[in-house]
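Good morning, colleagues. Please have the sequence and the model before you.

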Amino acid sequence: PYYVNINQNLYLEAYLHSSDPNLVLFLHTCVASPTPHNSTTATYDIIRNGCVRDSTYATYYSPYGHILRFKFNAFQFIRSNPLVYLQCELMVCRASDYSSRCYQGCVERSKREASS
């Protein structure tokens, strides 16, 4: 566990260990939960489908595509224990493939029309 105060900046770095220098990382989804299980109830989206959902989220420059740096402010779920579990999904793409998911950025899903 990593202990921080509420509203303290929490800095994270993801590093891809690979001998292939032509790979890049993309932060697809990052979700916080009051339980260690991948629960869909009482979760808070920091990033979803590459779209920023938390106003305190920010990325930081990295000279390497295989290193991803970002931050957000620490928080606590109301009426629950003080622990917050973070689960992030990253994608790995070829640096030269500009049609890959890594280069699409934020992708909002279109809502379907409900039929009668």
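**Disulfides and ring pairs**

If the bonded cysteines of the protein are numbered in sequence order, the pairing reads 1-3, 2-6, 4-5. This is a predicted model, in which local features need pLDDT of at least 70 and side-chain atom pairs count only at pLDDT 80 or more, while totals for chains, interfaces and linings use all residues. Residues are numbered from 1 along each chain as its sequence is written, and side-chain values use heavy atoms, with hydrogens and water left out.

Let me begin with the disulfides. A disulfide here is a pair of cysteine sulfur atoms within 2.5 Å, and the structure holds 3 of them.

One of these joins Cys30 to Cys88, with an S to S distance of 2.0 Å. This pair links distant parts of the chain, 58 residues apart: Cys30 lies in strand E2 (residues 23-33) and Cys88 in strand E7 (residues 85-94). Strands, labelled E, are DSSP runs of at least two residues, and helices, H or I, are runs of at least four, numbered from the N terminus. For accessibility, buried means under 20% relative accessible area, exposed over 50%, and partly exposed in between, with a 1.4 Å probe and protein chains only. Cys30 counts as buried because its relative accessibility is 0%, whereas Cys88, at 29%, counts as partly exposed.

Next, Cys51 is joined to Cys106, S to S 1.8 Å. Cys51 sits in strand E4 (residues 51-52) and Cys106 in the segment after E7, so this pair also links distant parts of the chain, 55 residues apart. The link of Cys51 and Cys106 is right-handed, with 90 degrees about the S-S bond. Cys51 is buried at 2%, and Cys106 is partly exposed at 42%.

What of Cys93 and Cys102? Their sulfur atoms lie 2.1 Å apart and form a disulfide. The torsion about that S-S bond is about 85 degrees, so the disulfide is right-handed. Both Cys93 and Cys102 are buried.

I turn now to the aromatic rings. Rings of Phe, Tyr and Trp (its six-membered ring) pair if their centres lie within 6.5 Å; planes under 30 degrees apart count as stacked, over 60 as edge-to-face and the rest as tilted. By this rule the count comes to 5 aromatic pairs. Among them, Tyr44 and Phe75 have ring centres 5.0 Å apart and planes at 65 degrees, so the pair is edge-to-face. Tyr44 is partly exposed at 29%, and Phe75 is partly exposed at 21%. Ring pairs link Tyr44, Phe75 and Phe77 into a cluster.
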